[in-house]
Structures are given as structure tokens and as C-alpha cells.
Amino acid sequence: MNTRTLVKNLAALPDGPVTVSGWVETVRDQKKVQFVILRDESGAVQLVNPATRELEEGADAAASARLATTESISALAHGTFLTVSGELKHDERVKLGGLEVKIGSLEVVAEANPETPIAADSSLDKRMDWRFLDLRHPKQHLIFRIQTTFEHALRQYWIDNDFIEIHTPKLMASASESRAELFEVDYFEGKAYLAQSPQFFKQMAQPAGFGKVFEIGPAFRADPSFTSRHATEFTSIDAEMSWVDSHEDVMRMHEELLVAAFTAVKEKHGAEILELFGIELEVPTTPFPRIPLAEAKQIVADRGYVIPRDDADIDPEGERQISAYVKETYGHDFVFLTNWDISLRPFYHMRHPEDSALTNSYDLIYNGVEISTGAQREHRIDVLVEQAKEKGLDPEELEFYLDFFRYGVPPHGGFGMGLARVLMLMLEEHSIRETTYLFRGPTRLLP
């Protein structure tokens, strides 16, 4: 191991010898002096080298080494990985961090091709082709440090509130709700399906006596959508808990969870988000506004937008309209749309006690986009079987799931939420491709 120092730690060191490693961001090759901007995973630093362009007669080995260093720097391509040892000097005149490193020795660890396949103005699809290069950009790098902080804060909240983390299988023997939007795969002598949700398995934890559970893991949807917010593989944030009185208990947990996560992101990354994204990140206040879906649709209609659907659902423009109303009325970026029609919800959602045409469920809308669905689940086996039949499902195909409810299940509920969507909206990006490490869609399986 060398004594490599991360760029972010240089400011705390006194002037003196240091070793840094990273990739070349830019080279300014002037006649008398050379400047290299070296970036590592923590930041960028300016390297400086007094140029030696030719040797005088009788030059010693040290002069030859300086010439070799100068020539090496002149030949550096963007993206080349280096290790440099030299003298750290604090100098407030240096715009980049107020310090620089005078190069003593330079080792080219891995050369990069001089012709870079993407540029700042490359299309999103082209950048996705070369994602490993695209991710070197400071904005992209920050997205995934934010993601790390966000997920850690979610886990911390859950752990502090006695939730158990589970890891559910992603290969299923049968469809979870229907065979729509499922990937079917060969599985030895039979067929299996890639899980579109951990729904059934996190519910299984309720009769198991786990009480409260969570999972952050992959989910799969065979959805041929090409929108900015859909993917065929995504990271799903899920929670389920026992002994709820209604979906209100789930919403309360959900909003507390998000406040904890946004607080952590703002505290750790707020200044960088402002610098790189131009966003003053706001931590939402609780409680989040709650509006029944039918009321929300009326509000949207009163604003002059008629939802062009024949069913009881709301469309993306309707989501944007109700979000605008909530922002104007409550000054809030989040809203729970509650009490959804049974025609729009799966068979396992509990019916509303005062209106059997509605469910104890919600969608959470953030900055005009749906990021989550949550609900109280039906835990009574006889009611569950009847609701499955009403949806045209064969109870025999759901036997493994229905078995959970034949031996006692407490009232329970939970939600699923898309990680990339939350980050996309938080950072005001235009596509989840930007906030997904490696995106998967109908036409993308590489890299």
C-alpha cells in the first residue's frame, strides 16, 4: 500500500510531501509551466510542474528525469490514471481549493485513449452507452453519494424503530398478482418469474411474527414503457408492519421515514447540491397533506384540466396539477392521494370501512410524480379469497400466498417506493437514467 492521500484530506495537511492518485481531468501545457487537474473519488486538485523542454549539454540525471516528466505530462490524455508524489503547498491564489501539489514524480498507472467517446453535450442515450465514463462527472458522482446517505438514513430510521431487514427471493414460482408485466425465465425443468415486488414475501413476515420489516432490493417489470420514470429493473424500497388500524398508520411511518432521509441528505450534501445542481434542498414537514383521490380529481377539474380517462384513475398531468395545487395551498412538495377505487387496486388491499367501493390505500406524489403506493392489507382469509375471485384470479394459483392467512395474521400494511424516482425528483433531473447506476429498459441491456 502506498501512502495515498485523498484530495478532500489535503486541506488539513501542512505543506510537505504527499502522494495522490486519480485520473486526469484537464492538462494546461504552457511553455514554462504545466498544470494538471487530477480528480479522485473525493475531489480535484491542481498539480504543477515547471517545464523542462530540452537538455543542456552535460545535463545530469535529475535534469533528464525532469525532461521525461515534462514529456509525460504533455502526452497525458483525459481520463489517464496517475499516481503523483510531490510537495503540497497551500496558496490562496490557487482557485481550486487554495492549494496545489508540485510534481516530484509521476507514474502513469493506466493510459486512456486520447479520443473520448462522449462529451458534455452528448445525448443521454450516448452517455448511457459509456456510463462508466459518464459517472466520472462530479454531478453524477454526487448522485450516488446522496443515494448512499439516503439509504443509510432509511435503514437507520427503521432500525431505530425496531424493524427487521429481510432479503426476499427474486425468483418466484407463480405470478404475484397477475402475469402481466412479469418476466418469465427458464428454471431447470419448469418456469419461474422475476419478482415485480417483494409484496407477498414481506407479508409472509407478518404471520411469522416479525412485526415490522423492510427491504431495499431489485424488482423487475416487463413493462415496455419508454418514459423518463420507468425501468424494467429498479431498486424498490419496501416496508410492512403489523398491528395497523388503517393506512393512516402506514402513511405516518412513511412520512417520518422520508423526513429522516431528507434531513440526512441535506445535512451531509446540501452545500454540494446547491453548488452542482443549483437546488436548495428542502426537508419536508409533517404531516404531509392528505387528499382523497375523488377530491383530488375534482380539484384538478376546477383548475381547468379534465383527465382524459374512462376509469377512476388519475393521469401524469393530473398528478402534476394536484401537486401544483398542494404547493400553492400548503407550500408542500409531497401529497398523499388516498382512498383509491377498488378497480385500480390489487385484490389484497383492504376495502374502506365506510365505502366498499374504495380501498384503504394511497399513492404518494412528490413534485408532480407518483413515487410510491401503500395500503392496509386484507388479513381475513375468507375476504381475501373473495376479493381475488372478484379480480378474476384463481385462488388455487395463489395457494402459497393464501396459506399465510390460514394460521393467523395480524392487521398489517406497508408500501413500495422507487429509489431512482425519489432521487430524480429530489435533484430535479429529467430521467431516472441519471439516478440509476446502470439503467435497464426495453432496449437496454448494456453496459
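1. How many aromatic pairs does a search of the whole structure find? The search finds 24 aromatic pairs, and it should be kept in mind from the start that the model is a predicted one.

2. Phe-347 belongs to the loop between strand S13 (334–338) and strand S14 (351–352), while Tyr-401 belongs to helix H10 (residues 399–402), so the pair ties together parts that are 54 residues apart in sequence. Phe-347 counts as buried because its relative accessibility is 3%, below the 20% cut-off, and Tyr-401 counts as buried because its relative accessibility is 0%.

3. Tyr-401 also forms an aromatic pair with Phe-405, which is again described as edge-to-face, with 5.1 Å centre to centre and 70° between the planes. Phe-405 is buried, its relative accessible area being 4%. Ring pairs link these residues into a cluster, whose members are Phe-200, Phe-201, Phe-347, Tyr-348, Phe-400, Tyr-401, Phe-404 and Phe-405.

4. Helix H11 (residues 419–426) deserves a separate point, since 8 of its 8 residues are buried and the helix is mostly covered. Among the buried residues are Leu-419, Arg-421 and Met-426, and the student may wish to find the arginine in the structure. The buried residues of H11 pack against helix H4 (138–160) and helix H6 (247–277), and also against strand S11 (233–242), strand S16 (361–366), strand S17 (369–376) and strand S18 (412–418). Just after H11, Glu-428 takes a positive phi of about 55°.

5. Turning to the strands, an open sheet is formed by 3 strands in the order S7-S9-S8, with antiparallel pairing. Strand S7 (171–172) and strand S8 (184–187) stand at the edges, and each has a single partner strand, so one side of each is left without a neighbour in the sheet. Between S7 and strand S9 (residues 190–194), which run antiparallel, there are 2 bridges, and Met-172 stands opposite Tyr-193 in S9.

6. Strand S5 (residues 99–110) shows both kinds of pairing, for strand S3 (residues 43–50) is joined to S5 by 3 bridges and runs parallel to it, whereas strand S4 (residues 81–90) is joined to S5 by 10 bridges and runs antiparallel. The bridge partner of Val-48 in S5 is Lys-102, and that of Thr-83 is Glu-107. In general, strands of a sheet pair through backbone hydrogen bonds, either parallel or antiparallel.

7. For the protein as a whole, the secondary structure comes to 11 helices and 18 strands, and the C-alpha atoms fill a box of roughly 95 × 60 × 40 Å when taken along the principal axes. Buried residues make up 51% of the 447 residues, and of the contacts between residues at least 6 apart in sequence, 65% join residues at least 24 apart.

8. A last point concerns the surface and the charges. The protein exposes about 22200 Å², of which carbon and sulfur atoms supply 52%. There are 46 positive and 72 negative charges, and their mean positions are 4 Å apart.

Methods:
Residues numbered from 1 in each chain as written. Predicted model: local features only at pLDDT ≥ 70, side-chain atom pairs only at ≥ 80, totals over all residues. Heavy atoms only, no water. Pairing = 2+ DSSP bridges. Helix = DSSP H or I, 4+ residues; strand = E, 2+ residues; numbered from the N terminus. Buried < 20%, exposed > 50% of the residue type's maximum accessible area, 1.4 Å probe, protein only. Contact = heavy atoms within 4.5 Å. Areas by Shrake-Rupley, 256 points an atom, 1.4 Å probe, with all protein chains shown as cover. Lys, Arg positive; Asp, Glu negative; His and termini not counted. Charge placed at Lys NZ, Arg CZ, Asp CG, Glu CD. Phe/Tyr/Trp six-rings, centres within 6.5 Å; stacked < 30°, edge-to-face > 60°.
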